[in-house]
Amino acid sequence: MKLFDQTLRRASPDHAELVRKYELYRTLVEFFAALMFIIGSIFFFYQSLVFAGTWLFLIGSILFAVRPTVRLALELRLTQLPVPDEFRPYGSLPEASAKK
């Protein structure tokens, strides 16, 4: 199967559960990244907190970089799960037959 194939997300209950888990991870990463930027922005109003605000911006930026990494990890994991025959394109061989 190919990366970023939308049909792969619903190919089996295992695929759907994996997508659900990774979407939760991505949402948490996005939430914490945004939170770091909001708190960092508030810190910039106070001269004594500018240094801490800068670190929060850096942490938020790193978290925003983690987001596509989580997406890619999901796609790689989806391609490793076995796909039921009814979800295979017409004419394609099951994985066990294709390896022979």
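These legends describe close-up views of a predicted model.

**View 1. Helix H2 and its buried residues.** Helix H2 covers residues 50-80, and its 31 residues should span 45 Å at 1.5 Å a residue. The end C-alpha atoms are 46 Å apart, which agrees. Gly53, Leu56, Gly60, Val70, Leu74, Glu75 and Leu78 are buried in H2. These buried residues pack against H1.

**View 2. The salt bridge between Arg9 and Glu75.** The two side chains meet at 3.3 Å, N to O. This pair links distant parts of the chain, with Arg9 in the segment before H1 and Glu75 in helix H2, 66 residues apart. Arg9 is buried, at a relative accessible area of 12%. Glu75 is also buried, at 0%.

**View 3. Glu75 and Arg71 within helix H2.** Their side chains form a salt bridge at 3.6 Å, N to O. The two residues are four apart, about one turn of the helix. Arg71 is partly exposed, with a relative accessible area of 25%. Arg71 and Glu75 belong to a network of salt bridges that also links Arg9, Glu23 and Arg26.

**View 4. The salt bridge between Glu17 and Arg20.** The side chains meet at 2.7 Å, N to O. Glu17 and Arg20 are about one helical turn apart because three residues separate their positions in helix H1. Glu17 is partly exposed at 33% relative accessibility, and Arg20 is partly exposed at 46%. The structure holds six salt bridges.

**View 5. A nonpolar patch on the surface.** Leu24, Tyr25, Leu28, Phe31 and Phe32 together have about 490 Å² of accessible area. Leu28 is in helix H1, residues 13-43, and is partly exposed at 40% relative accessible area.

Definitions and conventions
Residues are numbered from 1 along each chain as its sequence is written. This is a predicted model: local features need pLDDT of at least 70, side-chain atom pairs count only at pLDDT 80 or more; totals for chains, interfaces and linings use all residues. Side-chain values use heavy atoms; hydrogens and water are left out. Patches are made of residues with over 30% relative accessible area and no salt bridge: like charges are joined within 9 Å, nonpolar side chains (Val, Leu, Ile, Met, Phe, Trp, Tyr) within 5 Å. Accessible areas come from the Shrake-Rupley method with a 1.4 Å probe; for residues, only the protein chains shown count as cover. A salt bridge is a side-chain nitrogen of Lys or Arg within 4 Å of a carboxyl oxygen of Asp or Glu. Buried means under 20% relative accessible area, exposed over 50%, partly exposed in between (1.4 Å probe, protein chains only). The expected span of a helix is 1.5 Å times one less than its number of residues. Contact means heavy atoms within 4.5 Å.
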